[in-house]
Amino acid sequence: MNNSPHETACGTETPRLSKGMALLAGIAFLFLFFLFSCDYGQGIVYAAEPEKPESDKNQPGQQGNAGIPEQKMDNINTFDAGDFENPENCGGCHRDIYAAWSKSKHRFAWEDPFYQPDYLKASHETDGFTDVFCGECHAPIARRTGQLPPPDGSLFDETSKKGVSCDFCHTVKAVVEPVNVQNISDPGRVKRGPRGDGRSPYHDVQFSEIHTDAAFCGACHNVVHPVSGAIVIDTYSDWKEGPYGAKGTRCQDCHMTPGPGVEKNPGKSSFMGKEREHVATHFFPGGSAFFQEREGNDAEAALARRMLQAAAELEIETTAMDGKTALLVRVKNVGAGHKIPTGVTYIRKMWLEVTATDDAGNAVFTSGHTADNNHVDPETVFYQTVFKDADGNLTPKSWLAEEVAYDRRIPAKGHDEQTFVIPVTADGGHRVTVRLMYRSMSQAAADEIGIEGLMVPGIEMARAELTLN
Ligand code: HEC
Ligand code: HEC
Ligand code: HEC
Ligand code: HEC
Ligand code: HEC
């Protein structure tokens with residue numbers, strides 16, 4: 001089935017059924033619309049809060065990993081506060097790396113203005129059951145040094161507030177399984193990295209194979225719901241099964257380089273360091289142009305836009321059909337090593353915006369346009385995932401995910417096709433514009449998570465235009 005979810009005027013997301021299945025679709029659509037429409041997010045009945053088993057409570061010395069087998073990762077207080085170093089200790093020598101990382105999403109993994117409300121809502125709705133789990137990736141140092149819970153971060157020291165930082169990544173000794181951070185940390189004098197041949201007066205260096213492997217990233221960029229087993233984030237496993245994984249083009253090759261089309265960053269990684277052909281960059285660009293704009297980081301926002309634009313291309317083909325025109329839109333994933341979109345695709349979304357205008361510039365056909373309340377028109381082709389909760393209701397809340405109910409995304413080096421029927425002849429001189437749009441957060445998710453007054457802009461990833469004649 002060719003389903004994709006959509007956003008309705010009342011801020012809900014309901015399944016959209018392929019046009020080819022007219023009758024069946026009509027019936028199913030009515031049924032689904034009845035089930036999910038304006039109730040979603042308002043009259044929704046949430047699954048009973050999970051009973052917190054005694055052994056999962058965060059008592060000293062006990063495992064607090066919500067269902068992940070013991071021994072596979074560090075305990076919640078294997079380490080003491082201060083065992084991991086403050087990134088500022090590294091910044092004095094590793095200046096460029098520190099400057100880039102300081103503006104990265106890794107730096108803001110905990111303080112992130114989109115993460116915090118979602119995380120606090122999860123904590124509230126599950127009576128704290130999710131605190132330690134979310135902290136695994138978003139506050140990995142706090143989580144390993146007994147500073148989480150309480151969920152509000154009031155016990156965090158300065159290092160813990162800085163999210164995924166230098167000394168967390170560079171003291172990882174092993175990744176047991178690349179999912180749900182099954183890492184073994186070994187903080188201390190030895191800093192592990194991709195070389196091992198440098199000399200630092202401040203620390204020892206050690207070559208570490210795992211740091212050169214995509215599985216290092218996969219430890220966090222692969223998330224499975226610890227209770228239901230629903231796939232929450234699949235970036236790593238998707239990459240591994242796809243063409244870039246097969247070829248061995250790692251996450252590091254696209255996300256630790258200067259940007260699309262520029263593979264090398266020659267120079268020194270540190271004051272007193274050796275000259276290198278390529279020094280791994282640490283901004284980790286992705287799709288977060290909106291976040292960077294809000295932070296006032298113009299260069300970083302521009303880089304995130306370039307990443308989004310490098311990912312996709314659009315093609316249009318037209319066929320005349322009895323006074324109308326069939327417009328075949330092909331969306332190609334030409335630059336991302338994984339599906340687009342990827343990551344938290346239950347919050348983010350991509351969609352097709354189509355406009356056909358006559359000579360005078362009046363629209364004769366539109367799809368995927370944005371209304372005054374910033375919601376995208378319901379009759380739109382969306383690329384994203386949507387969860388179903390235990391009661392079968394659609395939800396953007398990852399902690400309620402029982403299964404992925406809808407998944408329409410474009411695989412690496414693959415494409416998706418959609419036909420639009422435009423009510424004008426194929427030689428009437430009409431102008432057609434198709435845009436592939438991206439949002440860091442769907443407006444429905446922003447509203448539901450309760451981010452006060454957040455108007456999430458649409459960012460253009462690709463555009464194609466033609467005149468019908
Ligand atoms: C006094 C300066 C100094 C400080 C402070 C410092 N480093 Fe380094 N570090 C170096 C030098 C010099 C090298 C070698 C660079 C080279 O020759 O390529 C290095 C190399 C590294 C490497 C590369 C390891 C490899 O061989 O692959 C990592 C990782 C690293 N440092 C992490 C850190 C972290 C994390 C901190 C903070 C906790 C830190 N450094 C603080 C000077 C420093
Ligand atoms: C999300 C994990 C992560 C964080 C956070 C991180 N690094 Fe790295 N770093 C890596 C990985 C992975 C590599 C190896 C990349 C590769 O193999 O291409 C690396 C490489 C390095 C290198 C070697 C660069 C080279 O090419 O010679 C240094 C030095 C370094 N990091 C220091 C730091 C410092 C200092 C910080 C904090 C300001 C930091 N890192 C934050 C994951 C991280
Ligand atoms: C300790 C867990 C962890 C590790 C290891 C990790 N990441 Fe991340 N990464 C995160 C989290 C959490 C976020 C999201 C932070 C936020 O926005 O709240 C993130 C965000 C990102 C983004 C999104 C940036 C954007 O603009 O939206 C990219 C790209 C990324 N990571 C790449 C990598 C790569 C490449 C590696 C391996 C070298 C890696 N990460 C290793 C946890 C991790
Ligand atoms: C061939 C280059 C390439 C490879 C390999 C690659 N990526 Fe990406 N990645 C991209 C591009 C281009 C984008 C921007 C498009 C987008 O955001 O979907 C992106 C986006 C992302 C984002 C941001 C998604 C969002 O919209 O929030 C994350 C997170 C990410 N990549 C992580 C990874 C991880 C982890 C790996 C390895 C398992 C990886 N990438 C491998 C090119 C690559
Ligand atoms: C195993 C690692 C891991 C765990 C556990 C985890 N996350 Fe994340 N989270 C990530 C990664 C990686 C990203 C970035 C993906 C992307 O850019 O699309 C992310 C991004 C997010 C974002 C989007 C932030 C933004 O900037 O838009 C939210 C919200 C979020 N997570 C909430 C949560 C909540 C709530 C929990 C606990 C219920 C949780 N996460 C648990 C790895 C994790």
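**Exercise 1. Find which residues of the largest nonpolar core touch the most other members.**

Solution. The core has 93 residues. Leu308, Met350, Trp351, Phe387, Leu436 and Met461 touch the most other members. A nonpolar core here is a set of buried Ala, Val, Leu, Ile, Met, Phe, Trp, Tyr and Cys residues joined through C-beta atoms within 7 Å. Buried means that 20 or more other C-beta atoms lie within 10 Å of a residue's own; exposed means 12 or fewer, partly exposed in between, with C-beta atoms placed from the backbone.

Next, the sources. Helix α14 (residues 298-311) gives the largest share, six residues. Helices (H or I, at least four residues) and strands (E, at least two) are DSSP runs, numbered from the N terminus. Domain 1 (54-284) and domain 2 (311-467) each supply at least three core residues. Their bounds come from an automatic or database domain assignment.

The model is predicted: local features need pLDDT of at least 70, side-chain atom pairs count only at pLDDT 80 or more, and totals for chains, interfaces and linings use all residues. Residues are numbered from 1 along each chain as its sequence is written, while chains are lettered from A and ligands numbered from 1 in the order in which they are written.

**Exercise 2. List what Leu436 touches, leaving out residues up to four places away in sequence.**

Solution. The list holds Ala312, Leu314, Val331, Met350, Leu352, Met461 and Ala462. Contact requires C-beta atoms, placed from the backbone, within 7 Å.

**Exercise 3. Describe the shell around ligand 3.**

Solution. Count first: 26 residues surround ligand 3 (C-beta atom, placed from the backbone, within 6 Å). The closest are Asp112, Cys217, Cys220, Gly286 and Ser288. Elements giving two or more residues are α5 (131-138), α9 (214-218) and α12 (251-255). Helix α12 gives the most, three residues.

**Exercise 4. Locate ligand 4 relative to the two domains.**

Solution. The shell around ligand 4 has 28 residues, with Cys251, Cys254, Gly286, Gly287 and Gly337 the closest. Helices α9, α10 (235-241), α12 and α14 each supply at least two. Domains 1 and 2 both contribute to this shell, so ligand 4 lies between them.

**Exercise 5. Decide how enclosed α5 is.**

Solution. Seven of its eight residues are buried, so α5 is largely enclosed by the rest of the structure. The buried ones are Asp131, Val132, Phe133, Cys134, Gly135, Glu136 and His138. Their cover includes α4 (115-125) and α6 (140-144).

Technical notes. Two residues are in contact if their C-beta atoms, placed from the backbone, lie within 7 Å.
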